[in-house]
Amino acid sequence: MAKVRILISTLVVFFFLNVNIHGFYLPGVAPQDFQMGDALMVKVNKLTSTKTQLPYSYYSLPYCRPEHIVDSAENLGEVLRGDRIENSPFVFKMRESQMCAAVCRVKLDKKTAKAFKEKIADEYRVNMILDNLPLVVPVQRPDQDNVVVYQHGFHVGLKGIFAGKKEEKYFIHNHLTFTVRYHRDIQTDSSRIVGFEVKPFSVKHEYEGQWNEKARLTTCDPHTKRAVTNSESPQEVEEGNEIIFTYDVDFQESEVKWASRWDTYLLMADDQIHWFSIVNSMMIVLFLSGMVAMIMLRTLYRDISNYNQLETHEEAFEETGWKLVHGDVFRPPTNPELLCVYAGTGVQCFGMILVTMIFACLGFLSPSNRGGLMTAMLLLWVFMGLLAGYASSRLYKTLRGTEWKKIALKTAFMFPATIFVAFFVLNAIIWGQKSSGAVPFGTMFALVVLWFGISVPLVFIGGYIGFRKPAPEDPVKTNKIPRQIPIQAWYMNPIFSILIGGILPFGAVFIELFFILTSIWLHQFYYIFGFLFIVFIILIITCAEITVVLCYFQLCSEDYQWWWRSYLTSGSSAVYLFLYAVFYFYTKLEITKLVSAVLYFGYMLIVSYVFFVFTGAIGFYACFWFTRLIYSSVKID
């Protein structure tokens, strides 16, 4: 065996010594060097609004268009996010500033004027991309001096009232002042883009004579160095008006290196609140750990010692507490097949989230890899079907089941079908609004192929492997006749104890949940995966410990029906998650349209359902381990 190890080590060293080693970058995030005068292609992305949550393609509005509109290749995650990345008529030249470059003139009719007004009223933002960097608008924070925050994209326009009038008017941002920041390599004189900013203005342009491509504007003129610096004479959106779209480009050298260019976008949040979240969660964990330690080291140790020292039949007959139900504690629960399905699905969710977290912490799922997080989660879900099939069939055999194929079939279809139907209904609503967020038929077909072509076979393979392994023997024998459960105290009522059990797991994550919801619904970046991973570990510990504590109290009350209750105890935290989503909707969001509200609550129901399955499985398996541990530690006559 030692010789084999030496041989393998020698081959590995030989391989690395004889192969040229090159550094590599992840696809789509490799730096690009530009020489002076090189063309920089600005791409446009979707129009987004926090008021409607319905994205639209850039060219759904009558903006200036290039000769041929070319769609960029998009991954699965980008399509599901509603991204529609296309080329634009904005073309820069590296390190060559431009002033008042005219793009085109648009004459508004009734339809186009209405389209602009609707998007302005709903506070839509225009998103652009340059060298994979999103366009941002720098805004000074009013509460802190010299602190600048960056908003994603610029507003299509704004509403206002002329002095002395009462009627509200709509104005469009038709002049854009771009700032491209670059880092220059002194040796090669090449440059890398490290920032892409804009200041939008609304200007009613005027020109001399008849309009043509070479017409000279009087409101801004590069020859006289007259630039647009304000919106004192804004461009109104009304039928019959003409709008001239213009832009400036300024190149500024920056000390920021290419590897750190995303720091500006990602380091906007205050770290102190995240540390407070961690400390809050740790206090909950320490409290629960103390209770578990007291139960395990004091109460259980004393109970087990007393039970093992019983000598007479009379003493054994008078036994009380959790040992009294040893003949029923491993009796299969009601509807065991459904429990097995949900336990297996929970393991699948756990595996997907865990691996995604690890990849995110290692930097593989950075925002520069647009849509990467969504794509990774979908693919991991598909391949984790192997674990789902294994866990469900293994538990099914433990409960003395025989038809593993039926369990595998239910595991492969029950949860995914529920999610798919809900997603299909929500997608139909988005499609009815003619939004770019609607998933195309081809992508829906690809999702079905992933489900039926990869996930379902893997579930059956895992089910076959899990069922072939011998079932673990129960520590104690199960009586043929079920024991009658005594009347329980009010605080041991199943509904009450289940709802109480979900409070602490939710309390461990609710602060971080605020930032996650903000990133999703207010279109901000979320990249503090280090904090999130710590909270994730704390959530696992909290779910396991609260379930074990309540399970012990339940068994001490001579109630042996712990199977489903253990799953529902930690899984009930999903109820609080959804209630918090309702609270967030009314306090942080400005959604007014019914369709947008339906989409919000529909997606949050899906998220809460996934959270229920995930946390429920953690609590169930913790309780499963706990009961087998304590009942294998006592002598049963």
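Mentor: Let us begin with a definition: a residue is buried when its relative accessible area is under 20%, exposed when that area is over 50%, and partly exposed in between. Please bear in mind that this is a predicted model.

Trainee: Why is cysteine 100 called buried?

Mentor: Cysteine 100 has a relative accessible area of 9%. The cut-off for buried is under 20%, so cysteine 100 is buried.

Trainee: What makes cysteine 100 and cysteine 220 a disulfide?

Mentor: The criterion is a pair of cysteine sulfur atoms within 2.5 Å. From S to S, cysteine 100 and cysteine 220 are 1.7 Å apart, and a disulfide joins them. The pair links distant parts of the chain, with cysteine 100 in strand S3 and cysteine 220 in the loop between S12 and S13, 120 residues apart. Cysteine 220 is buried as well, because its relative accessible area is 2%.

Trainee: How many disulfides does the structure hold, and which pattern do they follow?

Mentor: The structure holds two disulfides. With bonded cysteines counted along the chain, the pattern is 1-3, 2-4.

Trainee: How do you know that cysteine 64 and cysteine 104 form a disulfide?

Mentor: Their sulfur atoms are 1.8 Å apart, and the limit is 2.5 Å. The link of cysteine 64 and cysteine 104 is left-handed, with -80 degrees about the S-S bond. This pair also links distant parts of the chain: cysteine 64 lies in the loop between S1 and H2, cysteine 104 in strand S3 (residues 98–107), and 40 residues separate them.

Trainee: Are cysteine 64 and cysteine 104 buried or exposed?

Mentor: Cysteine 64 is at 6% relative accessibility and therefore counts as buried. Cysteine 104 is at 19%, and since the cut-off is under 20%, cysteine 104 counts as buried too.

Trainee: How are cysteine 361 and cysteine 543 classified?

Mentor: Cysteine 361 has a relative accessible area of 39% and is therefore partly exposed. Cysteine 543, at 0%, is buried.

Trainee: Why is glycine 463 called buried?

Mentor: Glycine 463 is at 0% relative accessibility and so counts as buried. This residue is found in helix H11 (residues 441–468). Leaving aside neighbours within four places in sequence, glycine 463 is in contact with Gly389, Tyr390, Ser393 and Trp404. Glycine 463 and tryptophan 404 are 59 residues apart in sequence, but their C-alpha atoms are 6.8 Å apart in space.

Trainee: How is glutamine 235 classified, and what is in contact with it?

Mentor: Glutamine 235 counts as buried because its relative accessibility is 3%. The residue is placed in the loop between strand S12 (191–201) and strand S13 (242–253). Beyond its neighbours within four places in sequence, its contacts include Tyr170, Phe171, Ser202, His205 and Ile243.

Trainee: What makes helix H15 mostly covered?

Mentor: Eight of the nine residues of H15 (residues 563–571) are buried, among them Trp563, Trp564, Arg565 and Tyr567. The cover of these buried residues includes helix H7 (336–361), helix H14 (529–556) and helix H17 (594–631).

Trainee: Which residues form the nonpolar patch on the surface, and how is isoleucine 503 classified?

Mentor: The patch is formed by Trp490, Tyr491, Phe496, Ile500 and Ile503, which together have about 540 Å² of accessible area. Isoleucine 503 lies in helix H13 (residues 503–521). At 38% relative accessibility, isoleucine 503 counts as partly exposed, and patch residues need over 30%.

Methods. Residues are numbered from 1 along each chain as its sequence is written. This is a predicted model: local features need pLDDT of at least 70, side-chain atom pairs count only at pLDDT 80 or more; totals for chains, interfaces and linings use all residues. Side-chain values use heavy atoms; hydrogens and water are left out. Helices (H or I, at least four residues) and strands (E, at least two) are DSSP runs, numbered from the N terminus. Buried means under 20% relative accessible area, exposed over 50%, partly exposed in between (1.4 Å probe, protein chains only). Contact means heavy atoms within 4.5 Å. Patches are made of residues with over 30% relative accessible area and no salt bridge: like charges are joined within 9 Å, nonpolar side chains (Val, Leu, Ile, Met, Phe, Trp, Tyr) within 5 Å. Accessible areas come from the Shrake-Rupley method with a 1.4 Å probe; for residues, only the protein chains shown count as cover. A salt bridge is a side-chain nitrogen of Lys or Arg within 4 Å of a carboxyl oxygen of Asp or Glu.
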